Amino acid sequence: MLTRIILILSIFIMIQACDQTKELDWAIKVGAQRFPKTEKTFLVKASGDSSKTVTKDIQDAIDACALAGGGIVTFSPGVYVTGSIFIKSNVHLRIDREVLLLGSQDFDDYPEIKTRIAGIETTWPAALINVIDAQNVAVTGEGIVNARGKFCWNKYWKMREEYVAKGLRWIVDYDAKRVRTLLVQNASDVTLKGLTFKNAGFWTVQLLYSHHLTVDGLVIKNNEDGSGPSTDGIDVDSSSWVLIQNCDIDCNDDNFCLKAGRDADGLRVNRPTFNVVIRDCIARRGHGLITFGSETSGGIYNVEAYNLKAYGTSTGIRFKSTQGRGGTVRDAYIHDIQMHNVREAVKLDYDWYPAYNTVPETVRRQLEAEGREFPKHWKALMQPVPEEQGTPYIRNITIRNIKAVDSETAISANGRKNQPAGSSSVVIILKKPIHCWK
């Protein structure tokens, strides 16, 4: 095993052990710079009927609060079933300990909006809780938001079976529209703190096209009702000046993930993720303690991640992209990480699920016979990207002081013909050995 580790380490080519701490002046400036100050309270009262959908009651309180110049929207103790709600500027939505929000299981309660999903701009159901085009917003409390997302999982698995039979596995993730739990989109100075989120129908928290955000002390438990597909924990998606701390995530996909668009559409948008600090967090079940990609088109840079722990996560520190994505992941400083029973401690993959862009001829003929064109998002995914523009790069990454116990693989790397893994500038400094078993 020691020989294998040494051989794999040599792939990364230790170019120079740079001290990035001198380059992190930006890290002390991340996070929301404002918090709603107005204390005026707008109360939503429990109806006593936990089967009744009260979306309008909650939205009316939010709208009244915003119209009054801001304040706190809170709930009397009880259970509330709701579809999509939209938080507005200067509003603090507070969900206290004795409050349980349950996501509606009717897709009609989630209106479609323009957004971005898995790197492609498209229309998609609004999230359960939305902060869109807003500033100075807080969503906090010690209560529980249970999205009850199994109705989304069932939709996906049924569609996937049908799509695989038609040779359309590559597109089912986009056609099977599911519900995110909390979306922050085109917003600034947003604080998310203290809440417990359960059973997301799709991604749990997506931070999209936004800046100066604080995510503090969230607990995410997405595996209570089974193993839902694509139930990411926290996705930082073309956003900046982000602080994530004290969070505990158990999910069935990437736990903490950094994204910046996919392929031709991501290159068109060209919005990076940058200036992100992730610290003092825990990842339990999931696909990656911290994942860079695979949506890398707009670029990801200036990331510090430290004091993180993983328990049973499939991969610890993960970099993934593929030809056609483009973009550069650079200037990341990852240090003081502990992993227990993580299958792969560090993984670099330039060939992660190569892009699909071919529609089977039988499907093409069927659409033509029915007089239908390819959906817009199909066309976006199928649009070719020139090789030079579509080649991703990973550069100037320092990983320091990693301790992984009971891991099958310490470090793995997977390159492509035009993108050898050894072309990456990744420096790994181990304070203690990685203990593996096979």
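In strand E22, Ala283 is the bridge partner of Ile249. Helices and strands here are DSSP runs, numbered from the N terminus, with helices (H or I) having at least four residues and strands (E) at least two. The model is a predicted one, so local features need pLDDT of at least 70 and side-chain atom pairs count only at pLDDT 80 or more, while totals for chains, interfaces and linings use all residues. Residues are numbered from 1 along each chain as its sequence is written, and side-chain values use heavy atoms, leaving out hydrogens and water.

Taken as a whole, the protein has eight helices and 31 strands. Of its 438 residues, 59% are buried, where buried means under 20% relative accessible area, exposed means over 50% and partly exposed is in between (1.4 Å probe, protein chains only).

Strands count as paired if DSSP finds at least two bridges between them. On that basis E22 pairs with strand E20 (residues 248–250) in the parallel sense, over two bridges. Strand E19 (residues 240–245) also runs parallel to E22, joined by five bridges, and Ile244 has Ile278 of E22 as its bridge partner. Strand E24 (residues 300–311) is parallel to E22 too, with nine bridges between them; here Arg279 stands opposite Tyr306 of E24.

What about the cysteines? The structure has zero disulfides, a disulfide being a pair of cysteine sulfur atoms within 2.5 Å. Cys247 is in no disulfide, and the nearest cysteine sulfur, that of Cys281, is 4.6 Å away. Cys247 counts as buried because its relative accessibility is 2%. Cys65 is buried as well, at a relative accessible area of 0%.

Next come the pockets, found on a 1 Å grid over the protein atoms alone. A cavity is a set of points where a 1.4 Å probe fits but cannot get out, whereas a pocket is an open set with protein on both sides within 12 Å along at least five of seven lines; lining residues have an atom within 4 Å of a point. Grid points are joined across faces, edges and corners, and a volume is the space filled by probe spheres set on the points.

The largest pocket has a volume of about 830 Å³. Its lining has 29 residues, and Arg169, Asp173, Ser230, Asp253 and Trp352 are the closest to its centre. Two or more lining residues come from each of helix H3 (150–165), helix H4 (169–175), strand E21 (254–259) and strand E25 (315–320), with H4 giving the largest share, four residues. The lining holds twelve nonpolar, four polar and 13 charged residues. In this count, Ala, Val, Leu, Ile, Met, Phe, Trp, Tyr, Cys and Pro are nonpolar, Asp, Glu, Lys and Arg are charged, and the others, Gly among them, are polar.

The second largest pocket has a volume of about 340 Å³. Among its 16 lining residues, Thr115, Glu121, Thr122, Thr123 and Lys376 lie nearest its centre. Strand E8 gives the most to this lining, with four residues. The lining of the second largest pocket is made up of four nonpolar, five polar and seven charged residues.
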